[in-house]
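Here is my note on the two-chain model, point by point. Please read it with the coordinates open.

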There are 2 protein chains.
Amino acid sequence: MTLTIRLADKMVDRAGIWRILEPVIRAGETYPLPRDMTDKAALTYWLSSLHTSFVCEDDDGTITGTYYIRPNNSGGGAHIANCGYMVAADAEGKGIATAMCAHSLKTAREMGFAGMQFNFVIASNTRAVALWTRMGFETIGRLPGVFRSPTRGEVDALVMFQRL
Amino acid sequence: MTLTIRLADKMVDRAGIWRILEPVIRAGETYPLPRDMTDKAALTYWLSSLHTSFVCEDDDGTITGTYYIRPNNSGGGAHIANCGYMVAADAEGKGIATAMCAHSLKTAREMGFAGMQFNFVIASNTRAVALWTRMGFETIGRLPGVFRSPTRGEVDALVMFQRL
């Protein structure tokens, strides 16, 4: 299977992206977003004009993953990128998150960013923590109990960073 | 001199707040905001509907400081507060930042927040780092070179946190 990562079409791809976002947001285990967020609010956020958004397609054109890249701050902090990634529940284990992260690091370099920062990696999301570590991110700090998981109660979040 | 800290009036106090924000934003040394930000954009941000905003007044009603408090994230991260503080250039050394920080910690507890997080304390702002440390914040992590100072080049930023 070939994965194609391309810029999201902020109109045409909305349904395909929402199919991925909805179960992740409803579960509320990996992103600090309201679990009852509407499709409109979620897509406004994910496809914000401040975000450069991508989709990952498989051979038959199904969108199996999506990510965005944006400056993590403005002004004197605008040279550091931030990304968010989501993979379709039925497409896990196919290397899509790895492919999107590698693509985002390359894209960030091309866009002139000098580093990439993840502000809120939920520590119970151990697959993500392991993957970002493999992709070169260092854990800069651990914030105690800053995320309330629907099933686990208070869990820590990590700040992760790598220079580009 | 008595300091009074009260909720900002998002209409009446605009000029008084802008008098404080403008030199801080133009200097670009302590906040990751565009140095050329307009008054309208800066006040829209500082007095955002997502922020609860306060001013500090001296005896004659002059606004000498301002701060906001907001949830640092939404969803499962909404129980942690974040604040931003600014003091008038001509009112430094009078304990205004200390008074506002103490007020914000009390307010955060009253609002039901379980912790307070500062995401981006610029390490060259040594007075702020020392003050937040005195006020009970721990440095959770140090992000290398994530701020470009107009006069110092790349400087680190700290993530600081305390439980409430």
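1. Start with the join between E4 and E5 in chain A. Strand E4 (residues 80-87) of chain A is linked to E5(A) by 2 bridges, and the two strands run parallel. Ile80(A) has Gly115(A) as its bridge partner in E5(A). Keep in mind that this is a predicted model.

2. Next, the helix on this sheet. Helix H3 (residues 96-110) of chain A packs on the sheet. H3(A) touches E1, strand E2 (52-57), strand E3 (63-71), E4 and E5 of chain A. The direction of H3(A) makes about 30° with that of E3(A).

3. Now the sheet as a whole. In chain A, 7 strands make an open sheet in the order E1-E2-E3-E4-E5-E7-E6, and the pairing is mixed. Strand E1 (4-7) and E6 of chain A are at the edges. Each has a single partner strand, so one side of each is left without a neighbour in the sheet. From one strand to the next, the twist averages 25°.

4. E6(A) and E7(A) run antiparallel and are joined by 8 bridges. They form a hairpin, with 3 residues between the strands. Within this pair, Leu143(A) stands opposite Ala157(A) in E7(A).

5. What does chain A use to touch chain B? The contact involves 28 residues of chain A and 28 residues of chain B. The elements of chain A that give two or more residues to this side are strand E5 (115-122), strand E6 (138-149) and strand E7 (153-163). E6(A) provides the largest share, 9 residues. By type, the side of chain A that touches chain B has 12 nonpolar, 13 polar and 3 charged residues. Recall that E6 of chain A is also an edge strand of its sheet.

6. How are the two copies related? The same surface serves both copies, as 100% of the contact residues of chain A recur in chain B.

7. Chain B has its own sheet to check. Its 7 strands form an open sheet, ordered E1-E2-E3-E4-E5-E7-E6, with mixed pairing. Strand E1 (4-7) and strand E6 (138-149) of chain B are the edge strands, and each pairs on one side only. Neighbouring strands are turned by 25° against each other on average, direction ignored.

8. Strand E3 (residues 63-71) of chain B and strand E4 (residues 80-87) of chain B run antiparallel, joined by 7 bridges. Tyr67(B) stands opposite Tyr85(B) in E4(B). H1(B) packs on the sheet and touches strand E2 (52-57), E3 and E4 of chain B. The direction of H1(B) makes about 85° with that of E3(B).

9. H1(B) and helix H2 (residues 39-46) of chain B pack at about 105°, with axes 10 Å apart. The two helices are therefore roughly perpendicular to each other. Arg14(B), Ile17(B), Trp18(B), Leu21(B) and Ile25(B) in H1(B) meet Asp39(B), Ala42(B), Leu43(B) and Trp46(B) in H2(B). This contact has 7 nonpolar, no polar and 2 charged residues.

10. The helix pair in chain A can be read alongside. The axes of helix H1 (residues 14-27) of chain A and helix H2 (residues 39-46) of chain A come within 10 Å and cross at roughly 105°. That makes H1(A) roughly perpendicular to H2(A). Among the residues that meet here are Trp18(A) in H1(A) and Trp46(A) in H2(A).

11. Not counting residues up to four places away in sequence, Val24(B) touches Thr30(B), Tyr31(B) and Met86(B). Val24(B) and Ala88(B) are 64 residues apart in sequence, yet 8.6 Å apart in space, C-alpha to C-alpha.

Conventions:
Residues numbered from 1 in each chain as written. Chains lettered and ligands numbered in written order. Predicted model: local features only at pLDDT ≥ 70, side-chain atom pairs only at ≥ 80, totals over all residues. Contact = placed C-beta atoms within 7 Å. Helix = DSSP H or I, 4+ residues; strand = E, 2+ residues; numbered from the N terminus. Nonpolar A, V, L, I, M, F, W, Y, C, P; charged D, E, K, R; others polar. Pairing = 2+ DSSP bridges. Axes fitted to C-alpha atoms, helices over the stretch in contact; angles between N-to-C directions. Parallel < 35°, antiparallel > 145°, perpendicular 65-115°, else oblique.
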